[in-house]
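Work through the exercises below with the model open. Try each task before you read its solution.

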Amino acid sequence: MAPKAAYSSVSSVIQLYLSLLFCMIGIALSFYAYHVETKKESDADYMAMCDISDQMSCSKVFTSKYGRGFGLIGPVLGEENFLNVPNSIFGLLFYSLQMYLCTVYTRSSSVLQVMLSFLSLIGCAYLAYILYFVLEDACVVCISTYTVNVILFLLGVSKWWMVRGIKTKSD
């Protein structure tokens, strides 16, 4: 359980609710991405709401080779490997874990939260490069998830600063 001191300030409550909100937005975006990808795979004529033009098409991105396993797992471990799933599945796992971690006020959970967020930013940079330079697309859902990940990173760093000075028995 979290120390009472972590919940005593208004800023920590705001930080918690903002973190939860952005985790829920990330989960919603990931569910939508999964829906678009699976619907497009089963119906080639499906037109998603995020398919605005030929250069702004999320279904083009989600169904590309980079939409599964970040375009890395299939070539390395094989297309049938259990880890070669839609990127949105990784997103659902990431945001769910972040949602849990943002409610735990220990130094170790804060460090893990920041580390995972930092890894997500590396993934965002890689996928943004692929999006812009390889696929030559501007996926609204993708850019939204990048934004959510940056905000979650900043909120995670903010939480880490808050709990740095709190002494707990679990750390």
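Buried means under 20% relative accessible area, exposed means over 50%, and partly exposed lies in between (1.4 Å probe, protein chains only). At 35% relative accessibility, K60 therefore counts as partly exposed. The model is predicted: local features need pLDDT of at least 70, side-chain atom pairs count only at pLDDT 80 or more, and totals for chains, interfaces and linings use all residues. Residues are numbered from 1 along each chain as its sequence is written, and side-chain values use heavy atoms, with hydrogens and water left out.

**Exercise 1. Salt bridges**

Solution. 

Step 1. A salt bridge is a side-chain nitrogen of Lys or Arg within 4 Å of a carboxyl oxygen of Asp or Glu. Side chains of opposite charge can pair when their charged atoms come close.

Step 2. Take K60. K60 pairs with D137, and their closest N and O atoms are 3.8 Å apart. This pair links distant parts of the chain: K60 is in helix 3, D137 is in the loop between helix 6 and helix 7, and 77 residues separate them. Helices here are DSSP runs (H or I, at least four residues), numbered from the N terminus. D137 has 4% relative accessibility, so D137 counts as buried.

Step 3. Take E37. E37 forms a salt bridge with R68, with the closest N and O atoms 3.6 Å apart. E37 sits in helix 2 (residues 10-42), and R68 sits in the loop between helix 3 (58-62) and helix 4 (73-77), 31 residues apart. R68 counts as partly exposed because its relative accessibility is 29%.

Step 4. Take E41. The side chains of E41 and R68 also meet in a salt bridge, at 3.8 Å from N to O. E41 is in helix 2, and R68 is 27 residues away in the loop between helix 3 and helix 4. At 46% relative accessibility, E41 counts as partly exposed.

Step 5. Join the partners. Salt bridges that share partners link E37, E41 and R68 into one network.

**Exercise 2. The surroundings of E37**

Task: Is E37 buried or exposed, and which residues is E37 in contact with beyond its neighbours within four places in sequence?

Solution. 

Step 1. Locate the residue. E37 lies in helix 2.

Step 2. Check accessibility. The value is 2%, so E37 counts as buried.

Step 3. List the contacts (heavy atoms within 4.5 Å). Leaving aside neighbours within four places in sequence, E37 touches F62, T63, G67, R68 and P86. R68 is also the salt-bridge partner of E37.

Step 4. E37 and A48 are 11 residues apart in sequence and 9.4 Å apart in space, C-alpha to C-alpha.

**Exercise 3. Two partners of helix 7**

Task: Work out how helix 7 runs relative to helix 6 and to helix 5.

Solution. 

Step 1. Axes are lines fitted to C-alpha atoms, for helices over the stretch in contact, and angles run from 0 to 180 degrees between N-to-C directions. Angles under 35 degrees count as roughly parallel, over 145 as roughly antiparallel, 65 to 115 as roughly perpendicular and the rest as oblique.

Step 2. Take helix 6. The axes of helix 6 (residues 107-134) and helix 7 (residues 140-163) come within 9 Å and cross at roughly 155 degrees. Helix 6 and helix 7 are therefore roughly antiparallel. Their contact residues divide into 17 nonpolar, 7 polar and 2 charged. Here Ala, Val, Leu, Ile, Met, Phe, Trp, Tyr, Cys and Pro are nonpolar, Asp, Glu, Lys and Arg are charged, and the others, Gly among them, are polar.

Step 3. Take helix 5. The axes of helix 5 (residues 87-101) and helix 7 come within 12 Å and cross at roughly 25 degrees. That makes helix 5 roughly parallel to helix 7. F94, Y95 and L101 in helix 5 meet T145, V148, N149, L152 and K159 in helix 7. By class, this contact has 5 nonpolar, 2 polar and 1 charged residues.

**Exercise 4. Positive phi**

Task: Where does F70 lie, and where is E136 found?

Solution. 

Step 1. F70 is not a glycine, yet has a positive phi of about 60 degrees. F70 lies in the loop between helix 3 and helix 4. At 25% relative accessibility, F70 counts as partly exposed.

Step 2. Phi of E136, also a residue other than glycine, is positive and near 50 degrees. E136 is in the loop between helix 6 and helix 7. E136 counts as exposed because its relative accessibility is 58%.

Conventions:
Helix = DSSP H or I, 4+ residues; strand = E, 2+ residues; numbered from the N terminus.
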